[in-house]
Amino acid sequence: MQEVYDFLKKCGTYYLATVEGTEPKVRPFGTINIFDGKLYIQTGKVKPTYRQIKANPNVEISAFINGQWIRLKGKLVEDDRREAKKSMLDAYPELRGMYNEDDGNTVVFYFEDAVATFYSFGGVPKEVRF
Ligand SMILES: Cc1cc2nc3c(=O)[nH]c(=O)nc-3n(C[C@H](O)[C@H](O)[C@H](O)COP(=O)(O)O)c2cc1C
C-alpha cells in the first residue's frame, strides 16, 4: 500500500473512474492519504463523483509518470470519522479554503479489496493487493 501511495503522490494527479449506470465517468483527482493503515481519497458530497461511488463503490484509478503507470481498482468505503477527514485535510492544507471537517460536504473514502498493478513499457506488470 505504501508503494501505491508513494507512486500516486509522485504522479501528483491521477484519474479516477466511476460508473454511472452503464457509463464510465473519469476525472482528475489528486488527494491521497494513508490513515489508520488504509489508503484514502477525498471528495465533496455535492459532486456527481460522490453520488456515483455511493451507488456503485467499484472504482479504478490510473496515473502515469516517468515511463511507469499504475492501475488501482477496489471498492471505496466511506469513513465518516472526523479524524480521518482531519488527517486528509492536514495533508492538503490548501484544500482548507474549500473544505473543512465539519462542513457536511467533505468526505473521505478508503480502499477495500484493492488490487494495484504497476506497468512499464516492456516490463513485467507487478501486482500488489491490500
Ligand atoms: C489536478 C486536479 C486534482 C483534483 N483533485 C480532486 C480531488 O482530490 N478530489 C475532488 O473531489 N476533486 C478534485 N479535483 C476536481 C475534480 O476533478 C472535479 O471536481 C470533477 O468535476 C469531479 O468529477 P464529477 O464532476 O464527475 O464529480 C481535481 C481537479 C484537478 C484538475
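The legends below describe close-up views of a predicted model.

**Figure 1. Overall arrangement of the chain, with three helices and eight strands.** From the N terminus on, the elements follow the order α-β-β-β-β-α-β-β-α-β-β. The radius of gyration is 14 Å, close to the 14 Å that the globule rule gives for 130 residues, so the chain is as compact as a globular protein of that length. Along the principal axes, the C-alpha atoms fill a box of roughly 45 × 35 × 25 Å. Buried residues account for 27% of the 130 residues. Of the contacts between residues at least 6 apart in sequence, 60% join residues at least 24 apart.

**Figure 2. The largest nonpolar core, a set of 27 residues.** Val4, Leu8, Tyr40 and Phe109 are the members that touch the most other members. At least two core residues come from each of α1 (2-11), β1 (14-20), β4 (38-44), β5 (58-65), β6 (68-79), α3 (82-91) and β7 (106-120). The most are given by β7, which supplies seven residues.

**Figure 3. Surroundings of Tyr40, one of the core residues that touch the most other members.** Neighbours within four places in sequence are left aside in this view. The remaining contacts of Tyr40 are Asn33, Phe35, Ala84, Met88, Val108, Phe109 and Tyr110. Phe109, one of these contacts, is also among the core residues that touch the most other members.

**Figure 4. Strand β4 and its pairing with β3 and β7.** Five of the seven residues of β4 are buried, and the strand is mostly covered. Strand β3 (residues 33-35) pairs with β4 in the antiparallel sense over three bridges. In this pair, Ile34 stands opposite Leu39 of β4. The two strands form a hairpin with two residues between them. Asp36, in the turn of that hairpin, has a positive phi of about 55°. β4 and β7 also run antiparallel, and five bridges join them.

**Figure 5. The shell of 13 residues around the ligand.** The closest residues are Gly30, Thr31, Thr43, Lys47 and Thr49. Two or more residues of the shell come from each of β2 (23-29), β4 and α2 (48-55). β2 gives the most, with four residues. By class, the shell has seven polar, three nonpolar and three charged residues.

**Figure 6. Strand β7 between its partners β6 and β8 in the pairing pattern.** β6 and β7 run antiparallel and are joined by 11 bridges. Arg71 has Thr117 of β7 as its bridge partner. Strand β8 (residues 126-129) pairs with β7 in the antiparallel sense over four bridges. There, Thr117 has Glu127 of β8 as its bridge partner. The hairpin of β7 and β8 has five residues between the strands. Gly122 in this hairpin takes a positive phi near 80°.

**Figure 7. Asn66 and Asp113, two residues with a positive phi.** Most residues other than glycine have a negative phi. Asn66 is not a glycine, yet has a positive phi of about 45°. The residue sits in the loop between β5 and β6. Asn66 has 8 other C-beta atoms within 10 Å and is therefore exposed. Asp113, likewise not a glycine, has a positive phi of about 50°. Asp113 belongs to strand β7. With 11 other C-beta atoms within 10 Å, Asp113 is exposed too, because the cut-off for this class is 12 or fewer.

**Figure 8. Gly104 in the loop between α3 and β7.** Gly104 has 9 other C-beta atoms within 10 Å, so the residue is exposed. In sequence, Gly104 and Val46 are 58 residues apart. In space, the C-alpha atoms of Gly104 and Val46 are 9.7 Å apart.

Note on methods. Residues numbered from 1 in each chain as written. Predicted model: local features only at pLDDT ≥ 70, side-chain atom pairs only at ≥ 80, totals over all residues. Core = buried A, V, L, I, M, F, W, Y, C linked by C-beta atoms within 7 Å. Buried ≥ 20, exposed ≤ 12 C-beta atoms within 10 Å, placed from the backbone. Contact = placed C-beta atoms within 7 Å. Near = placed C-beta within 6 Å. Nonpolar A, V, L, I, M, F, W, Y, C, P; charged D, E, K, R; others polar. Pairing = 2+ DSSP bridges. Rg over C-alpha atoms; globule rule 2.2 N^0.38 Å.
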